Amino acid sequence: MTIAQRILASRVGREVKVGEIVEVDVDLAMSHDNAALVIRQFEQIGIDRVWDPTRIVIILDHRAPSESIKTSVGHKKIREFVQRQGINNFFDIGYGICHQVMIEEGFSAPGKVIVGTDSHTTSHGAVGSFATGIGATEMAGVWATGRIWFRVPPTIRIDITGRFPYRVVAKDLILKIIGMMGADGAQYKAVEFHGPLSDSLPLNERIVLSNLSMEMGAKVAIFKTEKVVPDQDAEYEQRVAVDVSDLPPQIACPHQVDNVRPVAELSGTKIDQVVIGSCTNGRIEDLREAWEVLKEGRVAKGVRLIVVPASRRIYLQALSEGIIEGMVERGAVVINPGCGPCLGAHQGLLAPGERCLATTNRNFKGRMGSPEAEIYLGSPYTAAATALTGRITDPSQL
Amino acid sequence: MILRGRVIKLGDNIDTDQIYPGRYLPITEPVEMAGHAFEGIISDFLQRAKGSIIVAGKNFGCGSSREQAATALKWAGIVAVVAESFARIFFRNAINQGLPAIIGHHLDRINEGDELRIDLHLGKIEDLTTGESYPGDPLPDFLLAIIEAGGLIEKLKRSLGGG
């Protein structure tokens, strides 16, 4: 059995086969601002108490602080609900992005079954969890019963070898993989990362791979851990091998994440806004990489650079390293931990005709504001290099 | 369960940001959500939605887990979504909202405005305008039960609720 199969099998107490439907207990049920909608649905069911308040985690990050009265009403409803239900794992605005906070606080762990009302819940595969996104109504069902059904997914094994070239990082690698596989290349499937490079990747880079695997449709995207490894004779539906040794920096062009090209091919394209942050690339390592490039100059005239640390801990770390001060001095706008403008809610929406380069995870039409704006996705290195010049810039050439 | 409706034809990889823009996520009332379906993307969608069936290519509903995408379509009057394939979270959300989501094959031969008839139990899709029929994947019984109950909440109300 693959890792995904083994985790599900451990829940049902027997071997599981690809394609069969199993019902399992949930270890952790995570929600963010959309908990307001989950509560609305939960209250319609007609039961008073959630199944287990210690297994529910709620983190306000999508619109933090609230950008509208409607959101404020939702946040208030959530605060009252967690109080009433005794849900202690509640993180109000300011802690940071749900996935980052879950991992920092040690909720995510090998072998756990985690569901979240956020598609990038696949992130927790980085620490070995079977973690996936669901909708608010389904979450209301989990709050009521503690259980959920899954079709046992086939697994794609991705073997990664080689050494990253200068200023090429996990973001470039996963964009390359998504470009190869397509936006539905891992639809309904589990992804398992193997190979010498995967095994040696630090946690922050693992999170990037698990997080963005969602953009090729993955149900879960898991790294092996000492606790959970695949069987020797595990059956994989597909095997993919990638050597990063000659990989140049990659960029996803409008309006699909699988529309991937080398950054150099887009070189010179004028950019109005650069965003560095999100659950994909808002960690301290990302900010350090961006700073390494940015400190050599300042934000180009006519460019808005928005920097969003993914959590309070990261924010404080970046402050203590002088990164925040340096970035602000050089023209960046540093905003509070949270999802920021990634999902087009607030804090930097795009006008028609504008172009943005972001380290975030989606470049869909209208994602960050006007449907007539364009979004490009790249690494923190590429983002910082682009902020310096005002044009899409290959950071390995600086 | 037999469904009928006129076709609104869409392409591949229709993402949930197009179906329901992120700026409207704080809305929790379905009727209000419906007013923003495909806003800025398909200008006359709301006028055409009522009683219609969306026929799309592969990976319909990719992207965000926002179930408002499915809810907005349902409350805008969409009868069902037929696609070559669905993004997994959208598929679950649609079923949980009581919006039938059916995987069909060779859908490129279906035209905008055609009248469709779908037998949910058999997974059979008939184009009444052209007289052709298309194979679809029948939904498992436990998912049909959710649709027939009118969604997951209605089903849970019956099994768990006191009311």
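Two salt bridges: that is the count between domain 1 of chain A and domain 3 of chain A. A salt bridge here is a side-chain nitrogen of Lys or Arg within 4 Å of a carboxyl oxygen of Asp or Glu. R313(A) forms one with E105(A), and their closest N and O atoms are 3.3 Å apart.

Some ground rules. This is a predicted model, where local features need pLDDT of at least 70, side-chain atom pairs count only at pLDDT 80 or more, and totals for chains, interfaces and linings use all residues. Residues are numbered from 1 along each chain as its sequence is written, chains are lettered from A and ligands numbered from 1 in the order in which they are written, and side-chain values use heavy atoms, with hydrogens and water left out.

Now the layout. Chain A is assigned domain 1 (21-151), domain 2 (155-243) and domain 3 (250-397). Those bounds come from an automatic or database domain assignment.

Back to domains 1 and 3 of chain A. Their C-alpha centres lie 28 Å apart. How many residues are in contact? Domain 1 of chain A has 17, and domain 3 of chain A has 18. Contact means heavy atoms within 4.5 Å. The area buried between these two domains is about 1,600 Å², with carbon and sulfur atoms giving 54%. Buried area is the accessible area (1.4 Å probe) that two parts lose on being put together, summed over both.

Last, the whole chain. The C-alpha atoms of chain A fill a box of roughly 55 × 50 × 40 Å, taken along the principal axes.
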